[in-house]
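Welcome, and thanks for taking a look at this one. Please open the structure below and keep it in view while you read the briefing.

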Amino acid sequence: MEYQKDIIVADRLGIVSTDSEEEYLAHLLCLKGTCRYRFNERDFELHPGDLSIIRKRKMLEKIEPTNDFQCKIIYAKPGFIELCTPQSNYGMKGSLALFLNPIMHLTPEQQIICRRDFDLLELRIQDTGHRFYREVLINAMQTAILDFFDFHARIGENDISTQNASIMNRFLKMLEEGAYREHREVTYYADCLCVTSKYLSEVSKKVSGYAANYWINRYTILDITRLLRDKSLTFVQISDMFGFSSPAYFSRYVQQNLGVKPSDYRE
């Protein structure tokens with residue numbers, strides 16, 4: 001594993017674009033100014049001392065920082081985060097709670113701890129000559145993750161059951177791995193998770209605020225819009241990638257979910 005590519009510490013936005021082919025989780029500490037953004041179709045605003053953790057960056061839209069905005073960001077690949085995350089039920093529950101509200105307002109003491117974690121990670125990333133580089137980097141990331149858990153647990157707003165968190169996490173993982181390209185029926189995912197379609201939709205609604213079908217369509221249309229921006233691909237090619245029965249059906253699907261035809265969106 002090339003650890004320097006798996007974790008990046010930056011001091012400005014845009015180092016890794018939201019539509020990057022490589023997925024990164026973003027942990028952002030606001031130092032100065034403000035930044036508005038839309039995530040999961042909800043609007044949020046960062047202020048100095050706020051920590052924002054975004055696990056699904058492709059759902060970020062309308063990022064609007066002020067001219068004086070300053071921040072520190074840890075970008076990390078999901079596989080690296082999974083390697084560093086302690087075996088704890090809180091990891092599942094906390095990640096879903098952050099999915100609904102990705103911002104934590106840190107106390108002055110927590111801000112000091114968080115800044116220390118960021119600085120240590122940056123130092124460890126640069127220290128490539130360390131004889132135990134892999135181990136110290138994983139250790140530094142794990143410490144940061146445990147501090148993030150502690151910050152969030154003190155908010156006291158997490159009432160997601162472990163069972164529901166497990167079901168929802170596995171459901172979203174299948175979508176993140178691209179299962180929607182071939183399967184857009186709730187029954188497929190319910191069967192894979194050994195639950196009924198009704199139960200999966202109820203869990204999804206309770207945990208995320210949206211039914212299971214919403215997330216299938218959401219992931220599908222996010223991928224389609226990314227491909228539509230690539231003008232080297234024809235509409236027929238994109239339609240075939242998702243197994244639509246015809247380009248006409250593909251066009252109707254896009255129009256139903258985006259409000260415009262594929263050709264109009266591309267223009």
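What distance separates the centres of domain 1 and domain 2, taken over C-alpha atoms? The answer is 26 Å. Please bear in mind that this is a predicted model.

**Domains and their contact**

- The protein is divided into domain 1, which covers residues 3-154, and domain 2, which covers residues 162-265.
- Where the two meet, domain 1 supplies 15 residues to the contact and domain 2 supplies 17 residues.
- About 1,500 Å² of area is buried between domain 1 and domain 2, and carbon and sulfur atoms give 55% of that area.

**Nonpolar cores**

- As general background, nonpolar side chains in soluble globular proteins tend to be buried together.
- Here the largest nonpolar core has 56 residues. Phe171, Leu175, Tyr189, Leu200, Trp215 and Ile224 are the ones with the most contacts inside it.
- Helix H9, residues 212-228, gives the most to this core, contributing nine residues.
- Both domains take part in this core: at least three residues come from each of domain 1 and domain 2.
- Setting aside residues up to four places away in sequence, Leu175 touches Tyr180, Tyr189, Trp215, Ile216 and Tyr219.
- There is also a second, separate core of 28 residues, with Leu98, Leu121, Tyr133 and Met141 among them.

**Aromatic rings**

- A pair of aromatic rings is described by the distance of the centres and the angle of the planes.
- The structure holds 13 aromatic pairs.
- One of these is formed by Phe171 and Tyr189, in an edge-to-face arrangement with 5.5 Å centre to centre and 80° between the planes.
- This pair links distant parts of the chain, with Phe171 in helix H6 (residues 162-176) and Tyr189 in helix H7 (residues 186-192), 18 residues apart. Phe171 and Tyr189 are both buried.
- Phe244 and Tyr253 form a tilted aromatic pair, at 5.2 Å centre to centre and 55° between the planes.
- Are Phe244 and Tyr253 buried or exposed? Phe244 has a relative accessible area of 7% and is therefore buried, and Tyr253, at 8%, counts as buried too.
- Ring pairs join Phe244 and Tyr253 with Tyr180, Tyr219, Phe242, Tyr249 and Phe250 into a cluster.
- Arg184 is worth a look here. The charged end of Arg184 sits over the ring of Phe244, 4.3 Å from its centre, and also over the ring of Tyr253, 6.0 Å from its centre.

**Helix H10**

- Ser239 lies in helix H10, and its relative accessible area is 1%, so Ser239 is buried.
- Leaving out residues up to four places away in sequence, Ser239 touches Phe244, Ser246, Pro247 and Phe250. Phe244 and Phe250 are also part of the ring cluster.
- Gln237 is found in helix H10 as well, which spans residues 235-241. With a relative accessible area of 37%, Gln237 is partly exposed.
- Gln237 and Leu227 are 10 residues apart along the chain, and their C-alpha atoms are separated by 9.9 Å.

**Positive phi values**

- Which residues other than glycine have a positive phi? Lys62 is one of them, with phi near 50°, and Cys194 is another, with phi of about 60°.
- Lys62 has its place in strand S6, residues 60-65. Its relative accessible area is 56%, so Lys62 is exposed.
- Cys194 lies in the loop between H7 and helix H8 (197-208), and at 71% relative accessibility Cys194 counts as exposed.

**A loop residue: His47**

- His47 is found in the loop between strand S4 (42-46) and strand S5 (50-54).
- Because its relative accessibility is 35%, His47 counts as partly exposed.
- Not counting residues up to four places away in sequence, His47 touches Cys30, Gly33 and Thr34.
- The C-alpha atoms of His47 and Ile15 are separated by 20 Å, and these two residues are 32 residues apart along the chain.

Notes:
Residues numbered from 1 in each chain as written. Predicted model: local features only at pLDDT ≥ 70, side-chain atom pairs only at ≥ 80, totals over all residues. Heavy atoms only, no water. Core = buried A, V, L, I, M, F, W, Y, C linked by side-chain atoms within 4.5 Å. Buried < 20%, exposed > 50% of the residue type's maximum accessible area, 1.4 Å probe, protein only. Helix = DSSP H or I, 4+ residues; strand = E, 2+ residues; numbered from the N terminus. Domains from an automatic or database assignment. Contact = heavy atoms within 4.5 Å. Phe/Tyr/Trp six-rings, centres within 6.5 Å; stacked < 30°, edge-to-face > 60°. Lys NZ or Arg CZ within 6 Å of the ring centre and 35° of its normal. Buried area = accessible area lost by both parts, 1.4 Å probe.
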